Amino acid sequence: MNSERKRRLLNLLDQFTIELPSWGFADTGTRFGKFYQAGAAIDVFDKISDAAAVHRFTGCCPDMAVHVLWDFSDQAPAARVVEAARAAGIRIGSINPNVFQDQEYKLGSVANPDPAVRRQAIEHLLESVALGKETGSRSLSLWFADGTNYPGQARIRERKSFFETALRECHDALGPDQELWIEYKPFEPAFYHTDIADWGMAYWFAKKAGDKARVLVDTGHHYAAQNIEQIVAWLLDESMLGGFHFNDRRYADDDLTLGAIDPYQVFRIFAEIHQFEAGAVGNECRIAYMVDQSHNLKPKTEAMIQTAMMAQELYAKASLIDWDELQGFQRSGQIVDAERVYQEAFRTDVTPALAEWRQAQGIAADPLQAFRESGYLDEQSRKRMERRQKLGLQQSSSYA
Ligand code: PSV
Ligand code: MN
């Protein structure tokens, strides 16, 4: 890698941050059960401590997304949560309302056939907007479980109009610094139709809601063969890409760690972004890079460090593509050579450049190794096991 390219890469890394999900530090499972971990976070303050640890060792995760019902309570009001984050050296990132868990939402939230339930869901969205203002968060990140399980269960067009009304009302309550991101998902938990099933529907709802609304791409929310980088290219071109929920999968929304199955897919997504930003002056786009993973088996904090490192590595590799050279091959129809530009960038070892960047930040060249040597996980596991015992909470019988 020549020195000019390395200098560019180091500058790009200075700007690359990735937001961690509070829920990725807590015990999670599947519908078949949960395996408890001694080191899992018990409450939002543990989650803040864990997210801050990931940031300390990686230097690129200064924000933590919060889930309204899972993270805020009388014991954890907004002011205390914000203060705990500040003291730990991180910020509160996107606010995630929860209109999928309560019993009322069996038939949907903002698209529920009952107007009282629709109102209740909208009120929760508005409270989440207010919480965003209180916590200094710049984004409201919306995911809806709304949909149906059987043909004939509901009128799809009527539900679409319920969504348009609700999202507009939510959008209009946003403060000047707040943005609205709309996530899509083709199935689960609904198994016949999902009200926001794909990027086109999310795009449509965002357009209808207003100019602060954009689309959120969760990499796990596509059918298996979907070309995600094409979606990203279109959203970039239309200035409608709000951000990502990164994770990897083999089958459906598996929520595995980023790059575990197909790192080249993530590389190609980053390539579209670098290409867009390299395209013209003024093409910088504010994209929120976020993680949305469920670490059912891996130690959670380690999985998060592994994810942040993988994201940096793939982002760095994709930045090495020489766009002028590539365009030359594209114009003359040299397909093999064009593809080789991608493959060579993907193959390039960026470990030395990442080590140099980390050294400049005062962090270890191998954040995972340094984290392990710090003893953080052992210490937290011991303390959290004791706390769980006192609180009478279910837990694993070992440190592992
Ligand atoms: C739904 O699968 C999702 O990806 C949404 O982003 C939620 O906010 C998150 O998972 C946690 O439930
Ligand atoms: Mn998501």
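How far does a polar side-chain atom of K185 lie from an oxygen atom of ligand 1, and what is that distance in Å? In this predicted model, the separation between the polar side-chain atom of K185 and the ligand 1 oxygen is 2.9 Å. The protein covers 89% of the 310 Å² of accessible area that ligand 1 has on its own, and ligand 1 sits in the largest pocket.

**Surroundings of ligand 1**
- Ligand 1 is surrounded by 13 residues, of which E183, K185, D218, H245 and D292 are the closest.
- By residue class, the shell around ligand 1 comprises four nonpolar, four polar and five charged residues.

- In the side chain of D218, an N or O atom is 3.1 Å from an oxygen atom of ligand 1.
- The side chain of H221 likewise places an N or O atom 3.2 Å from an oxygen atom of ligand 1.

**The manganese ion (ligand 2)**
- Protein donors to the manganese ion are supplied by E183 (OE), D218 (OD), H245 (ND1) and D292 (OD), at 2.1 to 2.2 Å from the ion.
- The arrangement is octahedral because the six donor atoms around the manganese ion subtend angles of 70 to 165 degrees.
- Along the sequence, the donor residues of the manganese ion follow the spacing E-x34-D-x26-H-x46-D.

Technical notes
Residues numbered from 1 in each chain as written. Chains lettered and ligands numbered in written order. Predicted model: local features only at pLDDT ≥ 70, side-chain atom pairs only at ≥ 80, totals over all residues. Heavy atoms only, no water. Near = heavy atom within 4 Å. Polar contact = N/O pair within 3.5 Å; in protein donor to acceptor, adjacent residues only side chain to side chain. Areas by Shrake-Rupley, 256 points an atom, 1.4 Å probe, with all protein chains shown as cover. 1 Å grid on protein atoms, 1.4 Å probe; cavity = no way out; pocket = protein on both sides within 12 Å on 5 of 7 lines; lining within 4 Å. Sits in = over half its atoms within 2 Å of the grid points. Nonpolar A, V, L, I, M, F, W, Y, C, P; charged D, E, K, R; others polar. Donors = N, O, S within 2.8 Å, 3.2 Å for Na, K, Ca; no water. Tetrahedral: all angles 85-135°; square planar, octahedral: opposite > 155°, others 65-115°.
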